[in-house]
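Trainee: Could you walk me through reading a few features of a model like this one? I'd like the general idea each time, then the case at hand.

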Amino acid sequence: MGGPFKETQVPANAPVGHKALAWVDDRFPLSKLWNDQWGKYYAPKNFNIWYLFGSLAMLVLVLQIVTGIFLTMHYKPDANLAFGSVEYIMREVPWGWLVRYMHSTGASMFFIVVYLHMARGLMYGSYRKPRELIWLFGFAIFLCLMAEAFFGYLLPWGQMSYWGAQVIVNLFGAIPVIGPDLSLWIRGDYVVSDATLNRFFAFHVIALPLVILGLVAAHLIALHEVGSNNPDGIEIKDNLDADGHPVDGIMSHPYYSTKDFFGVSVFLLIFSAIVFFAPEMGGYFLEYNNFLPADSMKTPPHIAPTWYFTPFYSVLRATTADFMYVLMAAIAAYVVFIWLKSRLAYKTKIAVAVIGLVLIVGMLPQVLDAKFWGVVLFGSSVVIIALLPWLDHSPARSIRYRPDWHKYVYIVFALCFVTLGYLGTQLPTPAYTILSQVATLLYFAFFLLMPWWSTMGQFKPVPTRLTFTPH
Ligand code: HEM
């Protein structure tokens, strides 16, 4: 910055592209941005398949925005016209069916890709210092993505759109004092109606996409500031060559550009197979009830959110009045455990005991009902993911160098998450409810006991250089 403007001298016979680039670079840091963020970004050379999902998430984000723009050209955000306009897109608009199926399939694929992306972070400890902010930006993206999917699901104005929104907005009603007014404020009416549809449309097509794009930019800037983690969970920046580049690093371009291109090709094959042959995916991607127009007078017998919300929805449903006593006992046990096992300061321990006591008293049926706590647990089951950087105290970042039994802990956690997800799609039965309660307890135990279990066991020696076999 500053100083007189100096034009880069390009040989007169240089290709016109070079001249144009030099002209732009003198006025805007195009090459610098490209090189900093990708071209000369040194990434660990041992990335495996798990490292594809970040770029795939970006691809799906672009697909969703592009297909969304075309859908908006024909969609009508009006309670009387919305359902018909989607049918019109499917039947009359040239290629409308393709655009719509790409968008609806893209929504589910987004969550599959992002869940796998998060699982990678969990396995390799990618959220650990100094990558806490990458994780927090990612978590904020995840929250926005959930809101984006929820708002979008109302737009086709089918039975499940309508009743799903009704159920979720009513959850806010369980908050003491302000709850009923809050639900009214969100809906803009006493029931889900045209006013609700209009505001959900505004959030879905512009507000949230803008926020998500901004957060993705922040996510990547933070990543490229500290550098990528890798399957070994060691810092490549600790071993630099004479030029100051990591010895175990390779330039993202062309090495990871080509690898990502391959990943994108495989992904697009799978994506196309779903779009062309199974866009409803057995009712998981597009629910059958949503092919019926919304009817405020007819509640469907079984209202379930789309599959990507069901793990958290199951936690909500698991919180029955009986389960509250189990929760109270669990909180009491946790407080005792902290007093006996943690090295927290005495004052902090007192604070923990007071919070525990307040929670237990609040859980008494005479104070706040199970419905309220269901909403609290539902919210907590999402928010707790953000705390991982501070819960994991393991001396080794990556699962590779942790005690073998840690792998089983992760497997049990993954099974709990999938079980909760499955149960959330099913009608509750007494057996299913008990199963979801056990899975809920294990889900929270995984996080809340992590400060202890993550340090336990026989750790393997962590190498100083990446393990990499050329292929
Ligand atoms: C729209 C959604 C998202 C996009 C487009 C995105 C994009 C990316 C990209 C391109 C990378 C670098 C390549 C890679 O490591 O795979 C990355 C890394 C990372 N992302 Fe995301 N991400 C998204 C959501 C999330 C979420 C929800 C989380 C966690 C809550 C998350 C956590 C991380 C972490 C910890 C890394 C660093 C990984 C490492 O260095 O080992 N991301 N992300």
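Mentor: Let's start with accessibility: a residue is buried under 20% relative accessible area, exposed over 50%, and partly exposed in between (1.4 Å probe, protein chains only). This is a predicted model, so local features need pLDDT of at least 70 and side-chain atom pairs count only at pLDDT 80 or more, while totals for chains, interfaces and linings use all residues. Residues are numbered from 1 along each chain as its sequence is written, and side-chain values use heavy atoms, leaving out hydrogens and water.

Trainee: Is Met-281 buried, partly exposed or exposed?

Mentor: Met-281 has a relative accessible area of 34%, so it's partly exposed. Trp-95, at 58%, counts as exposed.

Trainee: What is phi like in Met-281?

Mentor: Here's the general idea: most residues other than glycine have a negative phi, and most peptide bonds are trans. Met-281 has a positive phi, near 50°, and Trp-95 has one near 60°. Helices are DSSP runs (H or I, at least four residues), numbered from the N terminus. Met-281 sits in the loop between H10 and helix H11 (310-318), and Trp-95 in the loop between helix H4 (82-91) and H5.

Trainee: Which peptide bonds are cis?

Mentor: One joins Lys-129 and Pro-130, with omega about 5°. That proline is in the loop between helix H5 (96-124) and helix H6 (132-154). Another runs from His-253 to Pro-254, with omega near 10°; Pro-254 belongs to helix H10 (residues 252-277).

Trainee: Where is His-219, and what is it in contact with?

Mentor: Look in helix H9 (residues 194-226). His-219 counts as buried because its relative accessibility is 15%. Contact means heavy atoms within 4.5 Å. Leaving aside neighbours within four places in sequence, His-219 is in contact with His-117, Ile-134, Phe-137, Gly-138 and Ile-141. Its side chain also reaches the backbone oxygen of Ile-134 at 3.0 Å.

Trainee: And what lines the largest pocket?

Mentor: A pocket is an open set of points on a 1 Å grid over the protein atoms alone where a 1.4 Å probe fits, with protein on both sides within 12 Å along at least five of seven lines; lining residues have an atom within 4 Å of a point. Here 36 residues line the largest pocket, with Tyr-334, Ile-338, Ile-384, Phe-444 and Leu-448 nearest its centre. H12 gives the largest share of that lining, 9 residues.

Technical notes: Helix = DSSP H or I, 4+ residues; strand = E, 2+ residues; numbered from the N terminus. Polar contact = N/O pair within 3.5 Å; in protein donor to acceptor, adjacent residues only side chain to side chain.
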